[in-house]
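Subject: Structure handover

Hello,

Here is the structure we talked about, with my notes below it. Please read the notes with the coordinates open.

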Amino acid sequence: MVPVTVDGVQWCCGRAEQTCLDGAILVRKPSLGMARQLHMKTVAEGVEDRSDWDFLRSQGCDLAQGYFIARPMPADALPAWLESWEARRQDLAPQ
């Protein structure tokens, strides 16, 4: 048996589809809670806006990826993005 320590949460619905987003919240909340109870790290994929970020953060999601954080970029753009992300991340921290 292979030990699993990370639960990926597919965050697939954008804000343009409000009913889909509401459904995603209903499905994802229990997934995040279950992962926490199993002492697993959670990774949300497809985080596209501040609303997604704030919700997932409030639910204790550990890691996230998606267009809200960064669009695909060439490797040589990574150092500049990392510098700007560190500054931006301070604004995204919980109050």
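Please keep in mind that this is a predicted model.

Overall layout

The protein chain contains 3 helices and 3 strands, and along the sequence they follow the pattern β-α-β-α-β-α. The chain has 95 residues, of which 29% count as buried. Its exposed surface comes to about 6,700 Å², with carbon and sulfur atoms supplying 57% of that area. As for contacts between residues at least 6 apart in sequence, 43% of them join residues at least 24 apart.

Helix H2

Helix H2 covers residues 50–58. Within H2, the residues Asp52, Trp53, Phe55 and Leu56 are buried. At the start of the helix, Asp49 places a side-chain oxygen within 3.2 Å of the backbone nitrogen of Ser51. Just after H2 comes Gly60, whose phi is positive, at about 85 degrees.

Largest pocket

The largest pocket holds about 170 Å³ of space. Which residues line the largest pocket? The lining is made up of Val47, Trp53, Leu56, Arg57, Cys61, Asp62, Leu63, Ala64 and Ile69. By class, the lining divides into 7 nonpolar residues, 2 charged residues and no polar ones. Arg57 and Asp62 are the charged residues in that list.

Two elements, H2 and strand E3 (63–65), each supply at least two residues of this lining. H2 gives the largest share, with 3 residues. Trp53 and Leu56 both line the pocket and are also among the buried residues of H2.

Leu63 and strand E3

Leu63 is worth a separate entry in these notes. Leu63 lies in strand E3 and is one of the residues lining the largest pocket. Which residues does Leu63 touch once its neighbours within four places in sequence are left aside? Leu63 is in contact with Thr42, Val43 and Ala44. For the pair Leu63 and Ala44, the separation in sequence is 19 residues, while their C-alpha atoms are 6.3 Å apart in space.

Where to look in the viewer

- Asp49 and Ser51, for the side-chain to backbone approach at the start of H2.
- Trp53, Leu56 and Arg57, which are among the residues lining the largest pocket.
- Leu63, for its contacts with Thr42, Val43 and Ala44.

Regards

Conventions. Residues numbered from 1 in each chain as written. Predicted model: local features only at pLDDT ≥ 70, side-chain atom pairs only at ≥ 80, totals over all residues. Heavy atoms only, no water. Helix = DSSP H or I, 4+ residues; strand = E, 2+ residues; numbered from the N terminus. Buried < 20%, exposed > 50% of the residue type's maximum accessible area, 1.4 Å probe, protein only. Contact = heavy atoms within 4.5 Å. Areas by Shrake-Rupley, 256 points an atom, 1.4 Å probe, with all protein chains shown as cover. Polar contact = N/O pair within 3.5 Å; in protein donor to acceptor, adjacent residues only side chain to side chain. 1 Å grid on protein atoms, 1.4 Å probe; cavity = no way out; pocket = protein on both sides within 12 Å on 5 of 7 lines; lining within 4 Å. Points joined across faces, edges and corners; volume = space filled by probe spheres on them.
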